[in-house]
Every structure is written in structure tokens, then in C-alpha cells.
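Trainee: Could you take me through one part of this model in detail? I would like the strand at its centre of interest, and what surrounds that strand, in one connected account.

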Amino acid sequence: KYKACLFDLDGVLVDTAIYHFKAWRALGQNFGYQLTEEQNEQLKGISRVESLDRILNWAGVQASEEDKSKWLIEKNEHYLELISQMNPNEILPGVSDFLDQIKKEGYLIALGSASKNAEIILNKTGLMHWFDAIIDGNKVTKSKPDPEVFLKGAEALGVSPAECIVFEDAVAGVEAAKTGGMKAVGIGEVSVLNQADKVISSFEGILSKDLLNFQ
Ligand code: G16
Ligand code: MG
């Protein structure tokens with residue numbers, strides 16, 4: 001019945017939130033603002049442009065379009081520098097084993113990420129070879145909770161949304177999957193990801209035959 005697994009990147013396969021946090025924090029020095037960890041949490045799954053808008057809003061700063069585009073470049077350059085050091089050790093626990101299992105079982109595998117740097121990260125960490133399709137921030141126009149990123153993933157794999165299972169750590173991502181007519185597995189806490197069909201705390205020790213047995 002289910003033919004494809006669609007994975008979010010940050011917070012599901014790897015933890016790049018720490019690098020986004022460092023880069024946004026450093027950027028805040030331009031307008032005297034220090035992002036908190038709690039706020040960084042709210043930027044997960046949110047596009048780069050929208051993240052800056054939220055930060056400026058929290059900081060109470062009105063910026064010109066010129067400043068904003070300058071800051072977006074500055075943040076990304078710093079972020080690229082940070083992720084250039086990423087390696088396979090940064091794949092989250094249990095992920096490689098889970099990808100091996102579903103590959104053997106014949107599932108198609110796609111990425112559904114808001115990041116425009118997704119391919120760099122997949123290459124640096126050695127995750128790339130598992131993927132049959134990659135839909136990232138360069139291929140979508142609407143941010144999660146819009147289902148666009150996952151619908152395009154299903155389309156690229158040649159399957160229907162009802163045949164897809166999405167793996168997400170963000171509330172907006174789970175919402176995107178459900179709106180798109182897909183099953184959603186949340187990675188995190190049940191209390192937060194309560195819209196998901198199932199929630200696991202991590203992939204460690206997870207058997208696909210137990211997890212993917214939806215009714
Ligand atoms: C990720 C992160 C977000 C980030 C977004 C865009 O989303 O969770 O914090 O703002 O990508 O990243 P970039 O600046 O690299 O284009 P996801 O969908 O992989 O969780
Ligand atoms: Mg995520």
C-alpha cells in the first residue's frame with residue numbers, strides 16, 4: 001500500500017539547527033540582537049527569508065530590503081562555512097540503519113526540505129546515495145505547512161500522496177504532510193507533534209516493519 005518515504009532534513013536525518021542558530025546569532029550582531037534557543041526552535045522548517053523576517057520582528061527592527069538581502073547573504077555564507085565541516089558522524093542515531101531497511105523493502109526515498117543547501121549537506125554526510133528524488137528550497141515556492149514540498153516529492157517519485165509516509169520533526173512539516181493527504185511520522189515529542197499518525201523520539205532501534213504498519 002505504501003510505496004514511498006519522504007524525509008525532512010534538519011532535525012530528522014541530521015541536526016543542522018545548531019549551525020543555523022550559530023549563524024543567525026552572529027548575524028544579529030548587525031542590529032544588536034541575540035536570538036534565544038527557544039526562538040531558534042520556532043525557525044525549524046521555516047525558509048531563510050521568513051526566518052530573517054521573524055528575527056527582525058522579534059528584535060523590533062525595521063530594515064530596508066537592501067539590508068535584508070545583504071544579511072541573508074551574510075548569514076548563508078557563515079552557515080556554508082559551518083556546514084562545510086559536516087561528516088557522516090553527524091547522521092542522527094539509527095537513521096542509516098532505517099534507510100537501509102526501507103531500501104531493502106523496496107520503498108522509494110525522497111527528501112522534502114526547506115533548505116536551499118540540502119544537497120551540500122547530503123553530500124557532506126554521505127546520505128545522498130539513498131535518495132531517489134530531492135525536493136529542496138530551490139524547487140518550492142511555498143513554505144511548510146503548505147504541502148508543496150511533499151506533493152512535488154510524490155510527483156517526482158511517480159507515486160500518489162496516499163502512498164507516501166512523511167518523516168518530520170516540525171509541527172509545520174507534519175501539518176504539510178497531513179494537508180497533502182500523506183501519513184506522517186513525527187520525530188520528537190507526542191505532546192508537540194500531536195497531529196502525526198505516529199511519533200518516535202529517534203530512529204534508534206526502530207524496525208520499519210513495526211513502524212510502517214499503518215491500518
Ligand atoms: C531547514 C531548517 C530551517 C532553515 C531552512 C532553510 O529546514 O530547519 O531552520 O531556515 O531549512 O535553510 P537554508 O537557509 O539552508 O535554505 P528543513 O525543512 O530541512 O527542516
Ligand atoms: Mg526539520
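Mentor: By class, the shell around ligand 1 holds four nonpolar, 10 polar and five charged residues. In total, 19 residues surround ligand 1. The closest are Leu9, Asp10, Ser113, Ala114 and Ser115. Keep in mind that this is a predicted model.

Now the strand, E4. Strand E4 covers residues 164-168. Five of its five residues are buried, so E4 is largely enclosed by the rest of the structure. Cys164, Val166 and Glu168 point one way from E4. Ile165 and Phe167 point the other way. Both sets are buried, the charged Glu168 included.

Next, the partners. Strand E1, residues 4-7, is joined to E4 by four bridges, and the two run parallel. In that pairing, leucine 6 stands opposite valine 166. E5 also pairs with E4 through four bridges, again parallel. Here glutamate 168 stands opposite glycine 186. Between E4 and E5 the chain passes through H8, and this β-α-β crossover is right-handed.

Follow that crossover. Helix H8 spans residues 171-179. Its buried residues are Val171, Gly173, Val174, Glu175, Ala176 and Ala177. They pack against H7, E4 and strand E5 (183-187). After H8 comes glycine 181, with a positive phi near 80°.

Methionine 182 sits in the loop between H8 and E5. Why call methionine 182 buried? It has 26 other C-beta atoms within 10 Å, and 20 or more is the cut-off, so methionine 182 counts as buried. Leaving aside residues up to four places away in sequence, methionine 182 touches Phe150, Pro161, Cys164, Ile165, Val166 and Ala177. Cys164, Ile165 and Val166 in that list belong to E4. Ala177 is one of the buried residues of H8. Lysine 209 is 27 residues from methionine 182 in sequence and 18 Å away in space, C-alpha to C-alpha.

Among the residues of H7, Val149, Phe150, Leu151, Gly153, Ala154 and Leu157 are buried. An α-helix has 3.6 residues a turn, so residues three or four places apart point the same way. The buried residues of H7 pack against E1, strand E2 (108-112), E3, E4 and H8. Glycine 158 follows H7, and its phi is positive, near 75°. The peptide bond from lysine 144 to proline 145 is cis, with omega near 15°.

Finally, the core. The largest nonpolar core has 52 residues. Ala4, Phe150 and Val166 have the most contacts inside it. H7 gives the largest share of this core, five residues. Val166 brings us back to E4, and Phe150 to H7. Ala4 belongs to E1. Not counting residues up to four places away in sequence, alanine 4 touches Tyr107, Leu108, Ala110, Ala154, Leu157, Val159, Glu163 and Cys164. Of these, Ala154 and Leu157 are buried residues of H7, and Cys164 is in E4.

Methods
Residues numbered from 1 in each chain as written. Chains lettered and ligands numbered in written order. Predicted model: local features only at pLDDT ≥ 70, side-chain atom pairs only at ≥ 80, totals over all residues. Core = buried A, V, L, I, M, F, W, Y, C linked by C-beta atoms within 7 Å. Buried ≥ 20, exposed ≤ 12 C-beta atoms within 10 Å, placed from the backbone. Contact = placed C-beta atoms within 7 Å. Near = placed C-beta within 6 Å. Pairing = 2+ DSSP bridges. Right-handed = clockwise from strand over helix to strand, strands pointing away.
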